[in-house]
Each structure stands twice: as C-alpha cells, then as structure tokens.
Amino acid sequence: MDDARLAELYERYGFLVHRRCLQLVRRPEDAEDALQETFLRVKRYGPPRDGGATLAWLYTVAARCCFDLMEKRGREPVAEESQLAALEERGDGSTEDADRRALLGAALRTLDGKTRTIGVLHYLDGYTQDEVAAQTGFSRKTVGKKLKTFEDRIRQLFAGRSHEARR
Amino acid sequence: MTAPLPPSPRGPECPPAAVLEALSAGEPTPDATRAHVQACAACGAQLEALTTGRDAFLRARPADRFLRQLERREAAAPSPWRRLFPVLAAVVPVLVLVLVLGPRLTGDGPGVTWKGEAFRVVVSRAGAEAVPLAQDSAVKEGDRLRFAYESPEAGHLLVLELDGRGGATVFHPFEGTASAPLAAGQRDFLPGSVELDDAPGTEWLFAVFSPRPLQAAPLLARLREQAGRAEPTLTCDGCRVSSLRLRKAP
C-alpha cells in the first residue's frame with residue numbers, strides 16, 4: 001500500500017485504532033507500539049477488504065497486534081491510576097468498573113478465539129448479547145455462556161491482583 | 001463476590017459504541033441511526049467527543065510524522081536472515097566439518113567418496129519388469145543391468161565393475177577407456193545395457209563422477225589390486241564415488 005493511502009487511513013482511523021489498543025493493552029507506550037504495528041501490517045498486507053467495514057477490519061488487526069504484544073512482553077497489562085481516571089464512560093463503562101475493565105485485555109488474551117470475539121463485541125464494541133448473537137451467528141445461549149466464562153476469567157484476574165496488592 | 005462486569009452504558013434506542021465510532025470515521029451508517037444520534041444528547045455528545053479526540057490526536061501525531069515512525073520501525077525490524085543467523089552460525093561449521101572431514105575419517109585415501117542415492121541400477125530379465133537393485137541384491141548370469149546417475153551439475157561418469165574372478169571392466173561407457181559426459185539433472189537411465197557373465201561370487205559396481213574427464217585405466221588397475229578383498233574401495237581427487245555390492249547366484 002502506498003504512503004498516500006496509508007496516511008489517509010491513518011487520518012481517518014488512527015485515533016480510533018489507538019483508542020482500541022489502549023483499551024486492550026492499557027499502557028500508552030504499548031498502545032503506541034500496537035498502533036504502529038497495526039498500520040505496518042496494513043502497509044505490508046494490503047488494503048482492507050473492499051466493501052467491508054474498514055473500522056471493524058482495523059480493530060481485528062489491532063486486537064491481534066495487542067495480543068501478540070502481550071505474548072511478547074509475557075505480562076498482563078497494568079493500568080496506571082491516571083489512566084483509569086481518564087477512561088471514557090461510554091467506551092469503557094462507568095469509572096467504578098474501571099479497575100476490572102482494565103483487565104479486559106489480559107482476560108481476552110487467555111481465552112479462545114470464539115470467546116474473545118464475543119467479549120470484544122460485548123464489552124468494547126458495546127453490542128448487547130442479542131446483537132452479538134445476531135452478528136456472530138452463535139445462539140443467544142452460547143453468547144451468554146461465553147460471556148460467563150469471560151466474566152469468571154476477569155474475576156480470577158481481579159482476585160489475583162487484589163491478592164498481589166495485599167501482600 | 002465481585003459483581004459481573006456491566007457492558008458499556010447505552011440507552012435502549014442508542015447504537016452500540018462501535019457504530020458511533022464508525023460514524024465518527026465517516027463510514028456509511030443507516031439513516032435511522034444518524035437521525036437518532038442527531039436527536040439523542042448522549043449519542044451526540046459521544047460523537048462530539050470522538051471527533052474532538054480525533055482532531056487532538058492528529059494534532060499531536062500528524063500523519064507525516066507517523067509515516068516516518070513506521071519507516072524507522074520497518075528499517076529497524078530484523079530481517080528473517082538476521083533472525084536465522086544464530087542457527088546458521090551453529091549449523092554451518094558442523095556441516096563443513098561433516099563434508100570435509102567425514103569422508104577422510106571413513107575412507108582410506110585422498111578424494112571424496114559418497115555412497116549416495118545418485119547411482120541407481122536396475123536389472124532386466126526376460127519376460128519380467130525391470131527391478132531396482134539394492135546393496136547385496138542377488139543377480140545371475142545373463143541378467144541385463146542398466147544404470148542411472150543423477151547429479152545437480154554436469155560432469156563425467158564412469159561405471160566400473162570388479163567381478164568375483166578379480167576382473168575389472170568398464171560398464172559405462174561400455175568397454176570405454178575414458179569417462180562419458182553426463183548432463184546435469186539427468187534422471188533417465190543411460191543408453192544401453194550390460195549382460196552379466198558367468199563369473200561367480202561378489203560383483204562390485206562403482207560409479208565414479210567427476211567434473212573433469214577421467215581415464216579408466218588407473219582406476220581399473222586399482223580395482224584389480226583389491227581383488228578378493230571384502231570391501232574394495234575406490235577414490236580419486238575431486239570425484240564422487242558410489243558403490244554397490246551384488247551377490248551373484250549360480
């Protein structure tokens with residue numbers, strides 16, 4: 001992909017991709033890293049699918065980059081207090097949930113592809129369980145079960161973090 | 001117990017966060033969604049926040065600067081060869097040692113001896129299909145042998161025989177005095193065939209491949225000197241030698 005097209009994509013979607021990366025990896029330096037890696041992959045592997053939703057496609061690439069980064073770093077993302085305070089309510093839920101929401105990326109990383117897709121659609125893209133079922137083709141029951149798995153994982157991570165903090 | 005994590009807050013008629021985000025990027029959105037966002041204070045505020053956020057983001061990180069960062073990142077990324085370097089560094093010396101020292105340790109003279117699959121021999125018998133011969137295959141008087149030799153580079157080939165009576169003969173080119181040219185990657189069987197005589201016992205075949213033409217006489221003499229030995233060998237500088245032992249049944 002040539003630089004002019006890449007610059008156009010960046011101006012239109014760079015902010016949103018960066019925001020999504022921040023939601024997943026939490027550390028600003030990691031989000032910056034994931035943003036660059038996302039656009040490098042777009043540059044290497046060509047433009048988004050014709051006729052498809054470009055943002056959804058970029059979000060998929062960005063999530064992959066974030067999970068790869070987490071694997072590479074070998075650690076769970078840790079949110080700084082200042083970041084938690086700055087979370088947008090609409091995109092990230094209420095501030096009371098901020099500390100648990102900060103573990104979204106870590107939880108997603110440890111789950112299978114199906115649960116991960118459902119988790120992203122529900123918690124980050126903001127779709128209801130019925131909408132997730134309609135979008136993915138999974139039954140409402142499957143979506144509910146996968147979200148329960150997702151919740152349990154977040155609870156485990158949260159409990160582990162609280163325990164770490166007390167030691 | 002920790003309460004379940006609630007999804008992002010959203011009114012009953014409001015679109016999901018991802019739809020508002022796509023709308024802020026100028027992606028096509030249903031008219032009904034656009035109408036709702038215009039009328040809904042919460043959605044309008046979120047759209048406004050996204051637009052303001054994007055403008056601030058681009059002011060802080062303009063596209064040309066971002067592209068330069070990508071170029072630097074691309075240039076700094078190690079190439080696959082660079083990643084393979086530690087592996088190559090470990091493997092290449094071992095490979096060189098095996099190729100250079102291996103034959104010297106196992107052979108009993110100068111030159112390079114390979115006992116590879118490059119040399120193939122088949123036997124034809126009346127009324128039967130040709131059969132590939134392996135080490136210690138049984139053959140008998142009257143069997144007709146054909147040869148194939150595959151080499152990645154062009155060169156010259158001699159096929160020599162040492163029979164149970166101690167006689168040495170050039171089998172390819174049959175009764176020739178020097179090697180015959182061989183094309184690179186030649187997989188077909190060489191023209192002609194050789195009929196085995198009534199010499200009893202073990203038959204040795206040697207395929208000698210060389211990048212330069214070879215005279216047969218010195219090699220035949222060396223084979224005759226080794227008549228009766230359990231494992232006759234043949235070497236010559238810069239040659240590749242393959243051998244095959246056959247058992248001639250009466």
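Mentor: Start with burial: under 20% relative accessible area is buried, over 50% is exposed, and anything in between is partly exposed, using a 1.4 Å probe on protein chains only. The model is predicted, so local features need pLDDT of at least 70 and side-chain atom pairs count only at pLDDT 80 or more, while totals for chains, interfaces and linings use all residues; side-chain values use heavy atoms, without hydrogens or water. Residues are numbered from 1 along each chain as its sequence is written, with chains lettered from A and ligands numbered from 1 in the order written.

Now the salt bridges. Each needs a side-chain nitrogen of Lys or Arg within 4 Å of a carboxyl oxygen of Asp or Glu. Over all chains the count is 25.

Take B:Glu21 and A:Arg19. Their closest N and O atoms are 2.9 Å apart. This pair crosses between chains, from helix 1 of chain B to helix 1 (residues 3-25) of chain A. Helices here are DSSP runs of H or I, at least four residues long, and strands are runs of E, at least two, numbered from the N terminus. B:Glu21 and A:Arg19 are both buried.

Helix 1 of chain B spans residues 17-24 and is mostly covered, with 7 of its 8 residues buried. Besides B:Glu21, the buried residues include B:Ala17, B:Leu20 and B:Ser24. Just after this helix comes B:Gly26, with a positive phi of about 85°.

Chain A has its own pair, A:Glu37 with A:Arg44, at 3.9 Å between the closest N and O atoms. The two ends differ in cover. A:Glu37 is buried because its relative accessible area is 17%. A:Arg44 counts as partly exposed because its relative accessibility is 40%.

In chain B, B:Asp198 and B:Arg165 meet at 3.2 Å, N to O. The partners sit 33 residues apart and link distant parts of the chain. B:Asp198 is in the loop between strand 8 (194-195) and strand 9, and B:Arg165 is in the loop between strand 5 and strand 6 (168-172). B:Asp198 is partly exposed because its relative accessibility is 43%. B:Arg165 reaches 53%, so it counts as exposed.

Some salt bridges share partners. One such network joins A:Asp33, A:Glu37, A:Arg41, A:Arg44, A:Arg64, A:Asp68 and B:Arg73.

Go back to strand 9 of chain B. Strands pair if DSSP finds at least two bridges between them. Strand 5 (residues 155-162) runs antiparallel to strand 9, joined by 7 bridges. Within that pairing, B:His156 has B:Ser210 as its bridge partner. Strand 10 (residues 240-249) also pairs with strand 9 in the antiparallel sense, over 9 bridges. There B:Gly201 stands opposite B:Lys248.

Finish with a residue that touches both chains. A:Thr128 lies in the loop between helix 8 (113-124) and helix 9 (129-136) of chain A. Its relative accessible area is 34%, so A:Thr128 is partly exposed. Leaving out residues up to four places away in sequence, A:Thr128 touches A:His122 and B:Arg10. Contact here means heavy atoms within 4.5 Å.
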